[in-house]
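Please look through the structure shown below. The paragraphs after it go through selected parts of it, one chain or contact at a time.

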Amino acid sequence: MSPISEPINQLPKPSILEKLIQRHSKLAIALLAIFIVVFVYGMVTAPNFLTLFNFKTIIRDAALVGIMAIGLTFVTLSGNFFLLSMKETAALCIIAFATGMASGWGFELSFLFTMVFALIAGISQGALIGIGGNPIVVTLGAAGVLYGLGAYWSDNLVVSYRRPHGAEWLGTGSFLGLPNITVAFILIAISAELLLRKTSFGRQVYLIGANRAAGRATGHENFWMAIKVCTIASVCSAFVAIAFSAQVSSAQVNYFSSEFGSSGDMTIMVIATVMVGGNSIMGGFGSTLRSSLGAVFISTVDNMMVLHGFNSGPRVFAVGLMIVFSIIVFAILRRGSRSEE
Amino acid sequence: MEEQLLSLSKITRSFGAIHALKEVSFDVMPGEVMGLVGENGAGKSSLVKIIGGFDSGYTGQLTFANKQVRFSGPVMAERAGIAIAQQELSLIPTMSVAENVLLVGDNVPKIATKRQLIKLVEPFLSEVGLDYIDPATSVERLSVGERHLVEVARLIAHDPQLLILDEPTAALGETDSIRILEMVERLVKRGKSVIYVSHRLDEIFKICDRITILRDGRSVAVKNTKGLSVSELVNSMLGRELENMFPKRISTSSKTPLLKVRDLWPDGLLDPVDLDIFPGEILGLAGQLGSGTGEILSAIAGAHPIRGGSLEMDGNVFMPKTPNEAIKAKIAYCSEDRKHDGLFLGRPIIENLTSTALKRIGNFGILQPSAENGLANDIAKGFTIDNSRLPSEAGVLSGGNQQKVALGKWLAISPKVILVNEPTRGVDVGARAEIYQTLHKLAKKGTAIVIASTDLQEIANLPTRIIAFYRGLKVSELGYREVSAENILTQITDPFGAAKLER
Amino acid sequence: MAVEKILSFIKQKPDLMFAIILAFFVYCVFAFTNDYFMTHRTTFAIMERFAVLGLVGLALTLCIIAGEIDLSIGSNAALAAVIVVRFTDSLGAPTALLIAVAVSTIIGLIQGYFIAYLRIRAIVLTVGTLMLLRGISLFVAEEKTVMLTDFRIPDFITTKVLWYFSPASLTVIAMFVLVGLFMNFTKYGREIYAIGGARKEALAAGISLKRPMIIVFAISGFCAGLGGVIIGLRSGTAQALGLQYLLLAGTVAAFIGGVSILGGRGGVVGAVIGALTVNFLNTGLVFNVTPAFMVQLYLGILLLVVIMFQTGSVIFEKRQRRYQILKDIDNRRERLKKEMKGGAQP
């Protein structure tokens, strides 16, 4: 049917406040409000919460998940949903790195060696997604393969290397009183945000994510985009793997699984971080800054619950609740204001 | 005289300041085929929506089967006995014909084997003339025409009193169209009433008993088909006073073509086409839905599959395979559906405007905000888009402003050729005039502009010359002096004189 | 006659045929390489594994038919397992079992409702519930591995009845039959196919999104719950963070069974064959003393291969359809040319 003439909406010019709301969206403000409430509550009830040391702990805890989430944000923003193989990529990479370190290759060579695997994993998954494979299913399969390869390589055993090693500075070193991993997190967060905001690559991420068909029509193909964003995500995973391995001076494929840590499955934590930050899952809306804040937010809540003596059950539950909450708020907010899919 | 089955009186429907329908009166007798004709934007779709219960925000009276009613939703209309076959099919391709026919509705059995379903649908299928197909075949194996018939079979399964067919043959070939017409005749014999909305005058003359003509949201006339001539009908359909929105047509253009299209054969066209596009002209491709004009444009831009052909510009012979290649050759293409692939609705307007030329606003991949703002402001000025609204989302704009953005973003690549399919679909009058002015200005500067449109006024008043298409065939070329609304209408609706032959 | 029938079956359901051949092939590989594979005991073991994997495969098959995917299936199963193991001692097995399955079903139902109400993709919501349910499971299990004290129940559900079957696998087979009947012979089953095969068209035809989504996710929750209960009772232990591998294995089973990522295709029979294939692989690998992590590698490769096969066939089909359209156009041209010769000139 040919559409009939649409009504002319003569919108008034937006005021400064409206501009603020428009730019940062209601959800970010809501998130900020919740964050403040939590912060205030924590300050009042947990005596050790508002110390500089604890604050540093929060940021440090947020760093690993945060870095991975920043990588995944590129995938999500470009409209390719998310990768279910984040932790498996990390698992393969941590084995690669530890093997390199154990063989005495030194940090630089091991680092490059690991990145080769990350690139292969990212490019191959990206290509499969780019030719039209469903991201969820492709990366679910890839997850099995990557994990299996890592386990096969290491015989499912712990690969350890002797301290002090060449990666000590990344694992346990610090700079101006901040752990180096925290510094890395901040640097990555800033450069990712600059990449998204200030470069034509970042612009393409947003455009393709907002409308893939229009992206194609204006000369931005999703095929190359899928490869690029998957590679970024994989490289971030690999970096996290290296940093974690440097901390514990060893590696095992299960380091990122929920059976190992108490805070739950790394892949899901990363996806949770991206979602809690308020990024649109359909793509085109959000930022890596949101993901970084999401990581800090989740870490803050987790930290508070630890200080209050909660076990891991309620803590995992809280993260789940935060995801579901943000999904629902997000879906209701976006309803009608944007075209679906 | 019999009682009317459906009667509408003084129906008015307005959207803001725009009246889609103004005091329309319309009625259908039992067992009658009522034709509904009018130009694009005359209000046919609005009227159909109201009758089908999709739109209840009207004023006026609607009487159906002697009861005054106001349907609050399509389900209500369906229960009352009104069924609508939309232009877009709602069949599930992966499912069988039988399952598709008995998909929804109160009378669909809750539990049934496949065989029982097949038995149940057989009468409906034979009613629409599909008794030769196996109800167990999946719909994706049927031809487009057969699918339309299956869709009608689903409607008939609800046993409606009144059937509305909204341009059922728009996308169909000759044979399939004939089958639709036969089916309508069969239904009417069984006492059903049909409202037949179509652009194809030959069909209207063939099957309709009476014809209601809409013009600018008013019902201007109800005529008996018998004794009516084509030209009389055409005259009542047009006759719209021309608002002063079209700039003076460009009469002359350069002698050497800018873009030569040779043997281009997009899927959907019956024959390859040759086009010469001159700099500084506005070329109009006239044709109805299904005539293939849109396919030609998108094929030139590398967005539609082709069987072969080539483009020649500045001595280079090439054929873009993706939109990207066309953009590199400075060919801009704006599709008819801006929401689908013309706009990034969730992104700011400024990003939309510069989306085609990221290289131009960047330096080694780093975006230069000043360059971007400058470029966007220039475009905004050219298209009369409010500068202060550049940072807000494209989604909040009205249809007209959205179209300006969708078109404007192509100025960023300083195109040599601009291809526009339906330049003003869903656009209000004010924005329309502005878009025409801008296109006109661009052509004067030496850009070649090609538009494809189903809007008769637009195609008759904007272009320098016109090439008319009918069902995937190029039928004629009209030069500057021959272009007139009547001329075009005959060429695109009835080029072979079939309607006149019948009468 | 018989040959013709088989041929026409192959033509109608190439996916199913592919699945059957694959299953047969996998079975044969292990039957030839391992002496113990073709024994009664192995067959029983395969059927025992089928009980759980078949259920998960069935649940995911339904979800994918409806055009969605349920990522929370492992968590849901783990929750059911924890509940049933935790409460069997105090409430008795039947009550605990009922509670566990009911909880899982209700969780699925609520998920389905929200997906339809908010009109969001299931993957988005189920990532959240995945985490949420893990939290609840941890809470219920008090962060420990819960264990049964009374081992009569594990013994009961793994007793052999009717040659190859146990009470567990018989229940699952009954479940398959029921769901199969539902999907094939009821209006609601057809709605699920419609909503997955062409969502926009189905909504335009007047199907509401709510009913099919709620049904699909309720069944998915039920299957997950039942699967979790069987695992929990059979092994006598349950971990809140366990059963993650179910998602991958179930997805592989569903895709081998012929569902399409585009939705609307596949069926219960396919799910059976897919689950059996994965089971043959699983059991065979275990018999050949392959470590458990290698199974994941093989499953991953299998899933990638099936997905690539499917993506390829989608492209192939598109091309086929285009040829059909071109042929149509050629016919129209012929006819029109003929008419023009006989009748009026333009």
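**A walk through the model**

Asp314(B) is exposed, having 9 other C-beta atoms within 10 Å. Asp314(B) sits in the loop between strand 14 (310-313) and strand 15 (316-318) of chain B. Its phi is near 50°, a positive value in a residue other than glycine. Helices (H or I, at least four residues) and strands (E, at least two) are DSSP runs, numbered from the N terminus.

The model is predicted: local features need pLDDT of at least 70, side-chain atom pairs count only at pLDDT 80 or more, and totals for chains, interfaces and linings use all residues. Residues are numbered from 1 along each chain as its sequence is written, while chains are lettered from A and ligands numbered from 1 in the order in which they are written.

Cys334(B) belongs to strand 16 (residues 331-334) of chain B. Leaving out residues up to four places away in sequence, Cys334(B) touches residues including Gly342(B), Trp410(B) and Asn421(B); here two residues are in contact if their C-beta atoms, placed from the backbone, lie within 7 Å. Ile451(B) is 117 residues from Cys334(B) along the chain, and their C-alpha atoms are separated by 9.5 Å. The domain assignment of chain B gives domain 1 (6-237) and domain 2 (259-345 + 415-502); such bounds come from an automatic or database domain assignment. The centres of domain 1 and domain 2 of chain B, taken over C-alpha atoms, are 30 Å apart.

Chain A comes next. Its mean pLDDT is 82, and 85% of its residues reach 70 or more; pLDDT is the predictor's confidence in each residue, from 0 to 100. Within chain A, helix 1 (residues 16-45) has the lowest confidence, at a mean of 63, and helix 4 (residues 106-130) the highest, at 94. Over residues 1-15 of chain A, pLDDT stays under 50, and over residues 336-341 of chain A pLDDT also stays under 50. Where pLDDT is low, the predicted coordinates should not be read in detail.

Two loops of chain A have backbone features to look at. Asp155(A), in the loop between helix 5 (135-154) and strand 1 of chain A, has a positive phi near 55°. Asp155(A) counts as exposed, because it has 10 C-beta neighbours inside 10 Å. A cis peptide bond, with omega about -15°, joins Arg163(A) and Pro164(A). Pro164(A) is in the loop between strand 1 (159-160) and helix 6 (168-171) of chain A.

Chain C has 14 helices and 2 strands. Its C-alpha trace spans about 95 × 50 × 35 Å along its principal axes, and 52% of its 346 residues count as buried. Helix 11 (residues 210-235) of chain C is mostly covered, with 22 of its 26 residues buried. Gly236(C), whose phi is positive, near 80°, follows helix 11 of chain C.

Which chain does chain C touch, and with how many residues? In chain C, 35 residues are in contact with 42 residues of chain A. On this side of chain C, the largest share, 14 residues, comes from helix 6 of chain C.

Key:
Buried ≥ 20, exposed ≤ 12 C-beta atoms within 10 Å, placed from the backbone.
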